[in-house]
Amino acid sequence: MSATGLKLFPLRSRHMLPGFRLSLGFTLFYLTSLVLIPLLALVIRPAELGFGGFWTAISTPRVLASLRLSFGMALAAAVIDSFFGVIIAWVLVRYRFPGKGLLDAVIDLPFALPTAVAGIALSTLYAPNGWIGSLLIEHGIRIAYTPYGVLVAMIFISLPFTVRTVQPVMAELGLEVEEAAATLGATRLQTIARVILPMLGPAVLTGMAMAFARAAGEYGSIIFIAGNIPAVSEIAPLLIITKLEQYDYAGAAAIGVVMLAASFVMLLALNGLQSWAAKRR
Amino acid sequence: MKKRFLKPAEDPLWLRLFLGSVAIAFIAVLLLLPLALVFKEAFANGVSALWTAIKEPDTLASVRLSLIAAGIAVPLNTVFGIAAAWCIAKFDFPGKTFLVTLIDLPFSVSPVVAGLIYVLVFGAQGWFGRSLADHDIHILFAVPGIVLATIFVTFPFVARELIPLMVDQGRDEEEAAATLGATGFQTFLRVTLPNIKWGLLYGVLLCNARALGEFGAVSVVSGHIRGVTNTMPLHVQLLYDNYDYAGAFTVAALLAMLALLTLVFKSLLEWRYADELAAAHRH
């Protein structure tokens, strides 16, 4: 065992500090047994259906509708959050006003607040007799128990990702470029639109991708407000649970694999974005 | 009238007012209103009703189970985070970047998928389902399953806080200690730990908040047995689905208090010990 260890990591003999094998060994053991092997079970399970069976399992109208809802609304939520996230980050970085520290801290509320709590609060708020829902229903707009409820919950849950990705990059922007633009006769709006925003591009896209990934997989805050009508406001994670309750493990795993594949693509895209951003710095 | 000239990199007043109002209104409606509603509903029937709802045996059982799950998951993930950060920050080995990506993986997996994978391993039709049933070992729909799901969703918190911090701090101090004859354990305790203690606390704080609040992953493996396998967030759902809104919002208010405390401590750490946290959290 130790011989193979040495062969795998020939650098080991040059380490000055102790504990390399112990810490790496524990890390790999813990990661493999708790994360990688269970994930492998997910990837392998749909194989028993065969490719045809897998395709049949995920191409039923109900499954397709749930995937379309989860990913479509997640994309919409990510775009909306990015728009407001840039404004909020700008206000937090550039303006000075009383209560700014509080406003800054509140941004992380969706990270800290358990999703079930957010779920029942949003549901009560946007229900036809709720504080916001009753105002909207007068104008014929229904949020709770429709696909728009899904969107509202996703916007709530993903907001911190967009703000927190853009904020540090914005804080590092030097004022020199803006001053140069102003000196050369650009109006303030021109400077913002053509100088500042393009420099924020990679950060905004990164935040958007993270917001999208979180929203697409979100469950707790959505199920209370969505109404969960099959093929209308039923999200993909909920359908996984429904299939599990019907002991359709392979069917549940098939949807799970699609969602996992989407996570992988997002992870790769994020890595790509980050190296692009690093090159542009 | 004296006209005040704007600095070249300053927004005009109308723009500042406009963007400021948009940001504050958006945060107020989207984030603060739901929070206010939770406390308003919890206190709707007075403090004594709130107290009665908390003392309900099933509610107390859910608090106990949440504390057990977090009490196991957080220390384990903390030890893991330290071990992972130690080998990644203090040593060079092939595949390091890939390892960091794998450690982050649980963050990009849907919580429901996190629960699902344990069902596929330990469930009745799962890999080990049959042999576990033969030995009368219960993992799914029991406490071990809830602990496993909690570990999975809180897996990267401590590690991803410590890795960038310890990579930034480098190896010089530890190598000096080792040269002067300190053992590995002494080096860690006397040199590394004082350097990373606030970052460690930061990671543990976030890990704990998520562990107590996790819903999706735990929901899949819990089986929802009232008073037995219901954590606090699951108990919120059970009460809400049974139209016990007062009870649901009472437990929700407890969780919201916890979230607020977490935010306060987190902001305090970011404000007071900014230099000793990972760069991403320095404001």
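**View 1. A:Ile44, a partly exposed residue of helix α2 in a predicted model**. A:Ile44 counts as partly exposed because its relative accessibility is 41% (buried means under 20% relative accessible area, exposed over 50%, partly exposed in between; 1.4 Å probe, protein chains only). Its helix, α2 of chain A, covers residues 20-44 (helices are DSSP runs of H or I, at least four residues, numbered from the N terminus).

**View 2. A nonpolar surface patch with residues from chains A and B**. Patch residues have over 30% relative accessible area and no salt bridge, with nonpolar side chains joined within 5 Å and like charges within 9 Å.

**View 3. The interface of chain A and chain B**. The two chains bury about 8000 Å² between them, 81% of it on carbon and sulfur atoms (the accessible area, 1.4 Å probe, lost on being put together, summed over both). A:Leu17, A:Tyr30 and A:Trp131 supply 9% of what chain A buries against chain B, more than any other three residues. In contact (heavy atoms within 4.5 Å) are 89 residues from chain A and 92 residues from chain B.

**View 4. A salt bridge between A:Asp108 and B:Lys266**. Their closest N and O atoms are 2.4 Å apart (the cut-off is a Lys or Arg side-chain nitrogen within 4 Å of an Asp or Glu carboxyl oxygen). Between the chains the count is two salt bridges. On the side of chain A that touches chain B, α2(A) gives the most, with 18 residues.

**Notes.** Residues are numbered from 1 along each chain as its sequence is written, and chains are lettered from A and ligands numbered from 1 in the order written. In this predicted model, local features need pLDDT of at least 70 and side-chain atom pairs count only at pLDDT 80 or more, while totals for chains, interfaces and linings use all residues; side-chain values use heavy atoms, leaving out hydrogens and water.

Methods
Areas by Shrake-Rupley, 256 points an atom, 1.4 Å probe, with all protein chains shown as cover. Helix = DSSP H or I, 4+ residues; strand = E, 2+ residues; numbered from the N terminus.
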